[in-house]
Structures are given as C-alpha cells and as structure tokens.
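Here is a brief report on a pocket and on salt bridges. Please have the sequence and the model at hand.

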Amino acid sequence: MAMHQRTGDGTEGIDEWKKRAPYRVHEPNEHFKVRYEASCHCGKVKYQLSREEPLDSKLCHCTTCQTQHAAPFQWAAIFHKDDINFTHGHHDLEWYDPTSKSTEHRLPCKVRCSYCHSPIMDEGRNMILLFPSLVHLKNEQDRANFKPRLHMFYGQRVMDIPDGLPKWTGLNQESDLIEDSPPDMVRDLERKREKEREERFQKGEHK
Ligand SMILES: [Zn+2]
Ligand SMILES: [Zn+2]
C-alpha cells in the first residue's frame, strides 16, 4: 500500500503516470481552449477537449470491441493525450488491459468510469481513442467533425453497414478494402501494393 503513496512533487513513484497526460489536470492558466465537454452516464467522470477535429474517427467491428462494449461495433475518435483534460484527473477512473486481463494501468488499456462503468476511452502508447457518444455534440458542425470516416475489422462484423465508407478487413491501411469501399480507394491501394511488391522484388526479396 505504501508503495502507491506519493511522497511529494517530482517523485517518480509507481503512480507517476497519473500526473502525466492524459490524466494530468490542466491548470487554469495553461490556455487549454475548451472546444468540447463530455461526461459519463453517472456524471462522475467529466472531460474537456481542446482539438476541433479528431485525428481520425472510426467504427471498429473487432470481437474485443464487441465484447467490451456489449455492442455490434465501437465508435472511437482519435486524439493526442494532450488534447484532453479530465477535470478530476485520474480519479473515478478504472483500467483494464484486454491482453493480460489485468486491471492495472498497462498500455494499451481500456478506461472506464469506476462508478457507472461507462467506457471512456482506449489509452494507447501515444494516442487516446475516446468514445464520441459521451461528447456533447451541440450542432451540425460538431457532428460533422466527429463523423466516422472508416470501418475497421469489418471482416469480424455482425451486421452489414452499406454506407459507402472505406471498409478494412482488419487494421486500417494494413489490411484489405472490401464490400462497398469507395472504388477509387480500392484501385489506389492495389496500385500502391503492386508498386511495393515490385520494389521488394528489385531489392531481391522474392518472398
Ligand atoms: Zn460514471
Ligand atoms: Zn476493435
């Protein structure tokens, strides 16, 4: 128990990560520009976002997301760890690492409200994937900013979503585009992969 106690500022204890982004509480004089506000179902967890548009917005159909969200797929928006300000820092949050099934804070991990257990975000090593269903999107522009741009792990889907968005069988950029993905994107990807194959062949990597 004593190991978990902080012994003052600048201590590099076991809980040092709680003082770093994304859990570091931004000071009022830091010019953290609040663009969006969000809260979990019970309201204990509240956060703010300073970035206008997420770096990406995706729908993930992988079976881990299906189980963790008890839903057919997950909607996640990607932000930098410094774009978020949890108003109570690390308090009222709990962690889960789906790989080791541990509730310790081990990256990458799932983050939930410790009271109502609403999923809050997936914390990666460099980025966070937060769940826009918690963000108070007030108008058309807000909704347009968060609009999903692609489907990933569509090969594991439980239902078809014929919306014309790019659909990757696994990880985006690293798998194949299927179903009603935009034909231009499919052609570009095929050309890119063909070029890569030729380059590998010229370098003598025949496999
Ligand atoms: Zn809650
Ligand atoms: Zn997933």
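## Largest pocket

In this predicted model, 23 residues line the largest pocket, and Pro108, Asp122, Leu129, Met152 and Leu171 lie nearest its centre. Strand S4 (74-80) is among the elements that give two or more residues to this lining, as are helix H1 (63-69) and strand S7 (109-113). S4 gives the most, with three residues. The pocket holds about 490 Å³ of space. A pocket is an open set of points on a 1 Å grid where a 1.4 Å probe fits, with protein on both sides within 12 Å along at least five of seven lines; lining residues have an atom within 4 Å of a point.

## Salt bridges

The structure holds 19 salt bridges (a side-chain nitrogen of Lys or Arg within 4 Å of a carboxyl oxygen of Asp or Glu).

Lys110 is buried at 7% relative accessible area (buried is under 20%, exposed over 50%, partly exposed in between, with a 1.4 Å probe and protein chains only). Asp122 is buried too, at 15%. Asp142 is buried at 3%, whereas Arg35 is partly exposed at 24%.

Residues are numbered from 1 along each chain as its sequence is written. Local features need pLDDT of at least 70, and side-chain atom pairs count only at pLDDT 80 or more.

Methods:
Chains lettered and ligands numbered in written order. Heavy atoms only, no water. Points joined across faces, edges and corners; volume = space filled by probe spheres on them. Helix = DSSP H or I, 4+ residues; strand = E, 2+ residues; numbered from the N terminus.
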